[in-house]
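This report covers helix packing and pocket geometry. The sequence and the structure come first.

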Amino acid sequence: MTTYLIVIGAFIIFGLAAYATSLLIKLKQQTQQLKAQQDAQQAATQARENELLGNIHYIAAAMLEERCELSEGVMRIGKLFEILGQTEQVLPRYPSLFKHFEVIKVHPIMEQRKTLEKQQRMKLDLLRMKSEAALEADINLEAQKLVKDYSAYAS
């Protein structure tokens, strides 16, 4: 009888050990899959960030070549830095760009602009033009810095 109980106990222990081993194997596989997913997500995030930084370079170059209006370029670059969450880091390096961006970022565009009364549109245009006139030279210098600083991301 004792031998019988020992054999049954050994089978139970063996069964539990096999079950524990299978659970450990599953856990290891899940951990590897999770790491692979995180690595892929991180690579995709980095690729997206590099693309946006390349866009900043392209827009700054277009501003310098006068293929893009000053305010439009400032608006686009400012929005891209907001998307990247880097506004606070780059603000000291490009103060005039962000000073102008603060003036124009609330201005309506496209269909929203068309719904404004003529007086209101003219008032917003005057604010934009005053800011452009005051900051144009500095913004162009900062656009040159942007082209240089982000040349590694150029396509």
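Axes are lines fitted to C-alpha atoms, for helices over the stretch in contact, and angles run from 0 to 180 degrees between N-to-C directions. Helices (H or I, at least four residues) are DSSP runs numbered from the N terminus. The model is predicted: local features need pLDDT of at least 70, side-chain atom pairs count only at pLDDT 80 or more, and totals for chains, interfaces and linings use all residues. Residues are numbered from 1 along each chain as its sequence is written, and side-chain values use heavy atoms, with hydrogens and water left out.

The table lists the axis geometry of two pairs.

| Pair | Angle | Axis separation |
|---|---|---|
| Helix 2 and helix 4 (residues 95-104) | about 95° | 9 Å |
| Helix 1 (residues 2-64) and helix 2 | about 165° | 10 Å |

The angle with helix 4 makes helix 2 roughly perpendicular to it (65 to 115 degrees). In this contact (heavy atoms within 4.5 Å), helix 2 contributes Ser 71, Val 74, Met 75, Ile 77, Gly 78, Lys 79, Phe 81 and Glu 82, and helix 4 contributes Leu 97, Phe 98, His 100, Phe 101 and Ile 104. By class, eight are nonpolar, three polar and two charged; Ala, Val, Leu, Ile, Met, Phe, Trp, Tyr, Cys and Pro count as nonpolar, Asp, Glu, Lys and Arg as charged, and the others, Gly among them, as polar.

Helix 1 and helix 2 are roughly antiparallel (over 145 degrees). Residues of helix 1 in their contact include Leu 52, Ile 56 and Ile 59, and those of helix 2 include Leu 70, Val 74 and Ile 77. This contact has 13 nonpolar, two polar and two charged residues.

The axes of helix 2 (residues 70-84) and helix 6 (residues 118-149) come within 10 Å and cross at roughly 60°. Among the residues in contact are Ser 71 and Phe 81 of helix 2 and Arg 128 and Glu 132 of helix 6. Six nonpolar, two polar and three charged residues make up the contact.

**The largest pocket**

A pocket is an open set of points on a 1 Å grid over the protein atoms alone, where a 1.4 Å probe fits, with protein on both sides within 12 Å along at least five of seven lines; lining residues have an atom within 4 Å of a point. The largest pocket holds about 390 Å³ of space, a volume being the space filled by probe spheres set on the points. Its lining comprises 15 residues, and Ser 71, Glu 72, Met 75, Ile 109 and Arg 128 lie nearest the centre. Helix 2, helix 5 (110-114) and helix 6 each supply at least two lining residues. The lining has six nonpolar, two polar and seven charged residues.

Methods: Angles under 35 degrees count as roughly parallel, over 145 as roughly antiparallel, 65 to 115 as roughly perpendicular and the rest as oblique.
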